[in-house]
Amino acid sequence: MRFLSILLFTGCWISSSPDAKFKTADITIRDPCVLVYQDTYYMYGTGAIKDKGYGCYVSRDLQNWAGPVQVFTPPE
């Protein structure tokens, strides 16, 4: 579990100071999971990116989001 947490947070680490581009109502995502780390919200889910895998949006207030950043791509 520790490795998974590191993997997920590492994918969005460069976006920890996000420039918001989306409002919450503008995001379409399936199976969302929101994690909180140091006053920053990381929302992972399917459908966040067009490719296979998972994407992540980043927010400081749960209203304005930056992203998505691809954080996982499944192996062929």
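**Exercise 1. Classify F72 in this predicted model: is F72 buried, partly exposed or exposed?**

Solution. 
- Start with the value: F72 has a relative accessibility of 33%.
- Apply the cut-offs: buried is under 20%, exposed is over 50%, and partly exposed lies in between.
- So F72 counts as partly exposed.

**Exercise 2. What kind of ring pair do Y54 and F72 form?**

Solution. 
- The ring centres of Y54 and F72 are 6.1 Å apart.
- Their planes stand at 40°, so the pair is tilted.
- Now place the residues: Y54 is in strand β4 and F72 in strand β5.
- The pair therefore ties together parts 18 residues apart in sequence.
- Y54 is partly exposed, at 38% relative accessible area.

**Exercise 3. How many aromatic pairs are there, and what is the geometry of the F22 and Y57 pair?**

Solution. 
- The count is 2 aromatic pairs.
- For F22 and Y57, the centre-to-centre distance is 5.8 Å and the angle between planes is 90°.
- Planes over 60 degrees apart count as edge-to-face, and this pair is edge-to-face.
- F22 sits in strand β1 and Y57 in strand β4, 35 residues apart.
- Compare the cover: F22 is partly exposed at 29%, whereas Y57 is buried at 6%.

**Exercise 4. What is the order of the strands in the sheet, and how do they pair?**

Solution. 
- The open sheet has 5 strands in the order β1-β5-β4-β3-β2, and pairing is antiparallel.
- Look at the edges: β1 (22-23) and β2 each have a single partner strand, so one side of each lacks a neighbour in the sheet.

**Exercise 5. Describe the β2 and β3 hairpin: how many residues lie between the strands?**

Solution. 
- There are 2 residues between β2 and β3.
- In the turn, Q38 has a positive phi of about 50°.
- The strands, β2 and β3 (residues 40-46), pair antiparallel over 6 bridges.
- C33 is bridged to Y44 in β3.

**Exercise 6. Which residues make up the largest nonpolar core?**

Solution. 
- The core has 6 residues: I27, I29, M43, A48, Y57 and W65.
- A second, separate core has 5 residues, among them Y42, C56, V58 and V71.
- Return to I27: leaving aside neighbours within four places in sequence, I27 contacts F22, M43, Y57 and W65.
- F22 and Y57 also form the edge-to-face pair of Exercise 3.

Conventions: Residues are numbered from 1 along each chain as its sequence is written. This is a predicted model: local features need pLDDT of at least 70, side-chain atom pairs count only at pLDDT 80 or more; totals for chains, interfaces and linings use all residues. Side-chain values use heavy atoms; hydrogens and water are left out. Two strands pair if DSSP finds at least two bridges between them. Helices (H or I, at least four residues) and strands (E, at least two) are DSSP runs, numbered from the N terminus. A nonpolar core is a set of buried Ala, Val, Leu, Ile, Met, Phe, Trp, Tyr and Cys residues joined through side-chain atoms within 4.5 Å. Buried means under 20% relative accessible area, exposed over 50%, partly exposed in between (1.4 Å probe, protein chains only). Contact means heavy atoms within 4.5 Å. Rings of Phe, Tyr and Trp (its six-membered ring) pair if their centres lie within 6.5 Å; planes under 30 degrees apart count as stacked, over 60 as edge-to-face and the rest as tilted.
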